[in-house]
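Here's a quick tour of a two-chain model, written for someone who likes to know the cut-offs. Have a look at the structure first, then read on.

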Amino acid sequence: MGKFNKSGGREMPALNTASLPDMIFAILFFFMVTTTMREVTLMVKFRVPDASEIQKLEKKSLVTYIYMGQPIDTKFGTGTFMQLNDKFAEVEDIHDYIAQERNMLNEQDQQYMTVSLKVDEDTQMRYVTEVKQALRRAYALKISYSARKRDN
Amino acid sequence: MANKRKKVPDVNTSSTADIAFLLLIFFLVTSSMDTDSGLARRLPPPPQDETQLSEIKVQRRNLLVVLVNSLNQTMVGDEHYDNLNQMQGKTGKQSLKDKVKEFVVNPNNSEDLPELFEEDFGPPVGTLRVTKDHVISLQNDNTTSYKTYLAVQNELVKAYNELRNEAAKRYYNRPYEELLTDEKDLINKVYPQRISEAEPKDYGGKKK
């Protein structure tokens, strides 16, 4: 019974790494499916306030973002700036921006478009109110005040 | 037989793992996992003309005004809150949330709180007396900080969520989140969220 003789020495067999690439690919595909690419470079810094009654925004493709806060590059000053896509913008630009974003969606999805306001917690309400009024005029009525999760 | 012995040599696959790792790290770096979340709200449609603004009249008792001033103090009815802890009722004052709940439900059919109307919601809720005309009006100053504003909004939404949750437990014996969509709709009809974010006002003659 050659099977049982121990003549071959007692070396550790090498670990079979043939399936390692498959495992890594599985992880890779997981990340590719679950993530979205960062689409804008942020030019304002903001810390969103926290709230307890928040809801998750389900479909990312239906969400349009408006960022407000102090510019990261201090040569622009320290006031409150608004960022749409990749550049600073004024309140008047919101109307065109919303129209443009809405046109990119399917016709039946347009009613579900949500605008997520990512606003720094130290912002004065006057800026937020202006933006809200502009959104109303642009008929983007579904909005979400972006916030972090807080218990209680 | 000689044919079989002459195998094509295997491609060396030991570096596939490295290539996959590189791709993995690339996606890890470029992607953002965080799902965005926030307080969902619905803005009223834009006013068609100026006259429409003044036409909407609400009876005094049906209106709860929540004011947030420039010092981030909140006033509701005869109660005022200097900071967030007071608003959440941690200091012994009646919290904003409880105040809103009392306003929406009007349990004792009080004269100062919104009018109760009997309405048939169908099974399993049946006929119920609800304050269907109540409005919570949230007003803020131009210099109110966004943080406080959102904290107040959060408390208002929380009041509604708790009321709905209680109703869901009462009629379906399940928490609100576990209800089906049409069951949720029914509960939402019993406690409709009626928060009005008022037209902006300038208090104290600040110039824009």
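This is a predicted model: local features need pLDDT of at least 70, side-chain atom pairs count only at pLDDT 80 or more; totals for chains, interfaces and linings use all residues.

Which residues of the largest nonpolar core touch the most other members?

## The core

They are V131(A) and L150(B), out of 51 residues in that core. A nonpolar core here is a set of buried Ala, Val, Leu, Ile, Met, Phe, Trp, Tyr and Cys residues joined through C-beta atoms within 7 Å. Buried means that 20 or more other C-beta atoms lie within 10 Å of the residue's own, exposed means 12 or fewer, and partly exposed is in between, with C-beta atoms placed from the backbone.

If you skip its neighbours within four places in sequence, L150(B) is in contact with P49(A), A51(A), Y145(A), A147(A) and L39(B). Contact means C-beta atoms, placed from the backbone, within 7 Å.

## Ground rules

Residues are numbered from 1 along each chain as its sequence is written, while chains are lettered from A and ligands numbered from 1 in the order in which they are written.

## Chain A

Chain A has three helices and ten strands; these are DSSP runs numbered from the N terminus, with helices being H or I of at least four residues and strands E of at least two. Its radius of gyration is 25 Å, well over the 15 Å that the globule rule gives for 152 residues, so chain A is more spread out than a compact globule. That radius is taken over C-alpha atoms, and the rule is 2.2 Å times the number of residues to the power 0.38.

Helix α3 (residues 125-137) of chain A holds V131(A) among its buried residues, which also include M125(A), Y127(A) and L135(A). Just after α3(A), Y139(A) takes a positive phi of about 60°.

## Where the chains meet

On the chain B side, 42 residues are in contact with 44 residues of chain A. The largest share of that side, ten residues, comes from α6(B). By class, it has 20 nonpolar, 16 polar and six charged residues; Ala, Val, Leu, Ile, Met, Phe, Trp, Tyr, Cys and Pro count as nonpolar, Asp, Glu, Lys and Arg as charged, and the others, Gly among them, as polar.

Strand β4 (residues 55-56) of chain A pairs with β2(B) in the antiparallel sense over two bridges, pairing being called when DSSP finds at least two bridges.

Methods
Two residues are in contact if their C-beta atoms, placed from the backbone, lie within 7 Å.
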